[in-house]
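Please look over the sequence and the structure shown here, and keep both in view while reading the report that follows.

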Amino acid sequence: MKPHKEFLPVPLETSLVLIKPGGVSRRLVGEITRRIEARGLAVVGLKLMSAPRSLVEEHYSEHQGKGFFESVVAYLCSGPVVAMAVRGENAVRAIRAMMGATNPLDAEPGTVRGDLALSIDDNLTHSSSDPEAAARELALWFSEGLPA
Ligand code: CMP
């Protein structure tokens, strides 16, 4: 008999989470990381860094030409960020849901942005939008590699 699909193993995904300068300066690194771990996801890479502009421009390359590109790049370079690689079942989707809508005014209570943020320009975190974006972004921020 074929196993029911619920019993088939779910592949692990790894996603990139950035805690933006506002989240670091507001001392929210612990709170955001706590929520990620409490959900059952594993932090498999973690660093506090001042991101070079070239890295941030490459990271946001899909937004090049949009009105907010310059300001979001300048903002990410304005102070230290925490870059985190987070792994678990359906990690990409789970993290996006936990962070809430990009604009904190649209984010549901209970999400990171719905609880802790008010402005789209400082929406505390970035997280990968899909597994392909996650692979691209992890290669940029963790070019030294991650544990298998
Ligand atoms: P993030 O998920 O990091 O992706 C791009 C960022 O640009 C976004 O979060 C916001 O912080 C910022 N941003 C500013 N204005 C907009 C906008 N109108 N639409 C999307 N993102 C915006």
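In strand 4 the residue opposite Val17 is Ser127, and the bridge partner of Ile19 in strand 4 is Thr125. Strand 1 and strand 4 run antiparallel and are joined by three bridges. Here two strands are said to pair if DSSP finds at least two bridges between them, while strands (E, at least two residues) and helices (H or I, at least four) are DSSP runs numbered from the N terminus. The model is a predicted one, in which local features need pLDDT of at least 70 and side-chain atom pairs count only at pLDDT 80 or more, whereas totals for chains, interfaces and linings use all residues. Residues are numbered from 1 along each chain as its sequence is written, and side-chain values use heavy atoms, with hydrogens and water left out.

**The sheet**

Strands of a sheet pair through backbone hydrogen bonds, and the pairing may be parallel or antiparallel. In this model four strands form an open sheet in the order 2-3-1-4, with antiparallel pairing. Strand 2 (42–49) and strand 4 stand at the edges with a single partner strand each, so one side of each is left without a neighbour in the sheet. On average, neighbouring strands of this sheet are turned by 20° against each other, direction ignored; axes are lines fitted to C-alpha atoms, for helices over the stretch in contact, and angles in general run from 0 to 180 degrees between N-to-C directions.

Strand 3 (residues 81–89) pairs with strand 1 in the antiparallel sense over eight bridges, and strand 2 pairs with strand 3, again antiparallel, over seven bridges. The table lists residues that stand opposite one another in these pairings.

| Residue | Opposite residue in strand 3 |
|---|---|
| Leu12 | Glu89 |
| Ser15 | Val86 |
| Val43 | Val86 |

Six of the eight residues of strand 1 are buried, so strand 1 is largely enclosed by the rest of the structure. For strand 3, eight of the nine residues are buried, so strand 3 is also largely enclosed by the rest of the structure.

**Helices on the sheet**

Helix 5 lies across strand 1, strand 3 and strand 4, and runs at about 35° to strand 1. Helix 7 (residues 131–141) packs on the sheet and touches strand 1, strand 2, strand 3 and strand 4, its direction making about 60° with that of strand 1. Contact means heavy atoms within 4.5 Å.

Not counting residues up to four places away in sequence, Ser15 touches several residues, among them Met84, Val86, Ile95, Ala134 and Leu138.

**Two loop residues with positive phi**

Most residues other than glycine have a negative phi. Arg27, although not a glycine, has a positive phi of about 60°; Arg27 is found in the loop between helix 1 (21–25) and helix 2 (29–38), and at 69% relative accessibility it counts as exposed. Asn90 is not a glycine either, and has a positive phi of about 50°. Asn90 lies in the loop between strand 3 and helix 5, and at 40% relative accessibility Asn90 counts as partly exposed.

**The largest pocket**

On a 1 Å grid over the protein atoms alone, a pocket is an open set of points where a 1.4 Å probe fits, with protein on both sides within 12 Å along at least five of seven lines, and lining residues have an atom within 4 Å of a point. The largest pocket has a volume of about 460 Å³, a volume being the space filled by probe spheres set on the points, which are joined across faces, edges and corners. The lining of the largest pocket consists of 23 residues, of which Lys20, Tyr60, His63, Thr102 and Asn123 lie nearest its centre. Helix 4 (69–76), helix 5 (91–99) and strand 4 (125–127) are the elements that give two or more residues to this lining. The lining residues divide into seven nonpolar, ten polar and six charged, where Ala, Val, Leu, Ile, Met, Phe, Trp, Tyr, Cys and Pro count as nonpolar, Asp, Glu, Lys and Arg as charged, and the others, Gly among them, as polar.

Conventions
Buried means under 20% relative accessible area, exposed over 50%, partly exposed in between (1.4 Å probe, protein chains only).
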